[in-house]
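This report goes through the salt bridges, surface patches, backbone geometry and selected helices and strands of one structure. The sequence and the structure come first.

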Amino acid sequence: MRRQDPWSYLKYAGQKITAGGTLYGLCLMRGGANPPAATPSDPWTGNAEIGGAILNDTYPFAGQQIHQARNPWEAAGADDAWMKAMNGFDWIRDLRAVGSDSALTKVRDLTRDWLSRNDRLDAVNANPDSWTAAATGNRLLAWLYYWPAVFATADAELQQQILKAVGRQLRHLSVVSPFATTPLDRVIGLKGQIVGYLLWLPHEGAREQSLVSLEREISQQILPDGAPTSRNPLDLVKLLQELVEIRLAYLAAREEVPPVVQHTIDRCVPMIHFFRHGDGGLCHFNGSRDSGKASLDHLLSLTGAKGKPPQEAPYSGYERLKAGALLMLADCGAPPPAPFDRLAHAGIGSFEVSIGTDRMIVNCGASNAGRGDWLEAERSTAAHSTLCVDDTNSSALNRKQGIGKRRAEPTCHRDDSEDAHWLSITHDGYAALFGLQHARRLYVTEDGLNIRGEDRLTCSEGVEDGAGHDFAVRFHLHPKVSISLLQNQSSALLRLPSGQGWRFRCFGAKIQLEDSIYLGGDNPRRAQQIVLRGTTETDGAVVKWAFNKE
């Protein structure tokens, strides 16, 4: 990833080292901001349950729940994601949702604590978690949203402290935003700059420079088909949320929304529709999880954009097959490039199916915590509805996140006719290790009543004997799908929540039912999976299977 303005960063680093960061702190002290010229309403809904927990000094953020009676900014055992949430002040909306005077007082007290802890010349060095680009950008928006309801009615001393801090943080963001840890964090930092220089401290030149940087970031993070470079649908939702906040700030200021913001929103919206299942939630590929129909509907309503989902996303490597009430989404693409592969999965060739509002075939998804053993397991090939050889991932996964040197390279071909849709996916992820190529063919009838598939392992070029490798073809089922294995061990009956029945059959392997886990929601849920196991012969293996509506 090319870094922006390396001279600024070298200057920033040098100033931090000099006098323990005091010189850099002095550079930030050039006056405060003004009371905001306009205050957009917070577009996101708070959670009163979380707000109630905070009132009792318990902070449930990013999959961690920490009880800290005093000074939560120094909570023991807090990880980076928790500190980002704590310092980002998004929790103000949760306390606001409680709606009590004690909640209002809690917001002001915590804000005073943060200000007193960071009102020092060496604060950037002393409290680095408080000054990351993402935490700072989100904090500036949170203070803006709740200035009228929380801070404008506070004592004059607190107001002046906030305005002084806003000026310091805006100047800090202009230096650190390009060097944030993740692509999304860079956008959040730029969001803070753009909105800050629009409403907190009007400065058209600085704002335009930030918009140029935002355009550069978007060109790297969004592919020509409108999908994210990370190939994670949830990343697209998160990016769209940041752009919507910028858009709403401009509308509140009664200024024209910058073209880079609205045009990017217009490109993203059709792809959000592309990645939605029949129940309105997101599919589960490359770290995505279901963000819920209501929240997605609300987000899309704020965009001012319309657009139908395309049939395919060739640059990101996804296919969407819609036939009657059936919707199939398939991963046909290569792993994303670094650094966008940080949470990428080895799920090439996997697919998901929903029938109306019922999800039937799924991938395991991604846990809300996104750390430790869960993270390693959910990224594996076995956590996806595809074929796996010798319990080995189709692309190498680095334990410390990212894709390794062995990266599967796919090919994909699609045919659509009046009667059916065909999808052919091949990849070489197992060629270097086992001398095998995986080819998957998917067939969906136009009426959406039949799905047929074939998984074929063949010897790579120059390999004459592919025998002796165990393989498993997996179909993870949604937790609400019940399944019963029939006596012939070659077919099973699936029952969807709507009452629909689907019969599964296979040829070339016996059906086994095994436990699975569903990580698509807020908490892990038990589920089941159909597993077809076998061992390759000299020329490989072929397994055919089908789902037919009863």
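With which residue does Arg117 form a salt bridge? The partner is Glu74, and the closest N and O atoms of the two are 3.3 Å apart. A salt bridge here is a side-chain nitrogen of Lys or Arg within 4 Å of a carboxyl oxygen of Asp or Glu.

The model is predicted, so local features need pLDDT of at least 70 and side-chain atom pairs count only at pLDDT 80 or more, while totals for chains, interfaces and linings use all residues. Residues are numbered from 1 along each chain as its sequence is written, and side-chain values use heavy atoms, with hydrogens and water left out.

## Salt bridges

A search of the whole structure finds 27 salt bridges. The table gives three of these pairs.

| Pair | Closest N and O atoms |
|---|---|
| Arg117 and Glu74 | 3.3 Å |
| Asp119 and Arg168 | 4.0 Å |
| Arg231 and Asp331 | 2.6 Å |

Arg117 forms its salt bridge with Glu74. This pair links distant parts of the chain: Arg117 is in helix α6 (residues 101-118), and Glu74 is in the loop between β2 (64-67) and α4 (80-88), 43 residues apart. Helices (H or I, at least four residues) and strands (E, at least two) are DSSP runs, numbered from the N terminus. Arg117 counts as buried at 17% relative accessibility, whereas Glu74 counts as partly exposed at 48%. The classes are buried for under 20% relative accessible area, exposed for over 50%, and partly exposed in between (1.4 Å probe, protein chains only).

Asp119 forms a salt bridge with Arg168. Asp119 lies in the loop between α6 and α7 (123-126) and Arg168 in helix α10 (residues 156-176), so the pair ties together parts that are 49 residues apart in sequence. Asp119 counts as partly exposed at 41% relative accessibility, and Arg168 counts as buried at 4%.

Asp42, Asp90 and Arg93 are linked in a network of salt bridges.

## Surface patches

Patches are made of residues with over 30% relative accessible area and no salt bridge; like charges are joined within 9 Å, and nonpolar side chains (Val, Leu, Ile, Met, Phe, Trp, Tyr) within 5 Å. Lys and Arg count as positive and Asp and Glu as negative, while His and the chain ends are not counted. The place of a charge is taken as NZ of Lys, CZ of Arg, CG of Asp or CD of Glu.

Glu418, Asp419, Glu446 and Asp447 form a negative surface patch. Asp419 is exposed, with a relative accessible area of 59%.

A nonpolar patch on the surface is formed by Leu23, Leu26 and Leu121, which together have about 230 Å² of accessible area. Accessible areas come from the Shrake-Rupley method with a 1.4 Å probe; for residues, only the protein chains shown count as cover. Leu26 lies in helix α2 (residues 22-27) and is partly exposed, with a relative accessible area of 48%.

Helix α8 (residues 133-145) has 13 residues, which at 1.5 Å a residue should span 18 Å; its end C-alpha atoms are 19 Å apart, in agreement. The expected span is 1.5 Å times one less than the number of residues. Since 13 of the 13 residues of α8 are buried, the helix is largely enclosed by the rest of the structure.

Thr458 is in strand β12 (residues 450-459) and is partly exposed, with a relative accessible area of 31%. The C-alpha atoms of Thr458 and His438 are separated by 6.8 Å, and these residues are 20 apart along the chain.

## Backbone geometry

Most residues other than glycine have a negative phi, and most peptide bonds are trans. Ala62, not a glycine, has a positive phi of about 50 degrees. Ala62 is in the loop between β1 (58-61) and β2 and counts as partly exposed at 30% relative accessibility. Asn286 also has a positive phi, of about 55 degrees, although it is not a glycine. Asn286 is placed in the loop between α14 (259-274) and α15 (293-301) and is buried, with a relative accessible area of 3%.

A cis peptide bond, with omega about 0 degrees, joins Ala338 and Pro339. Pro339 lies in the loop between β5 and β6 (351-355).
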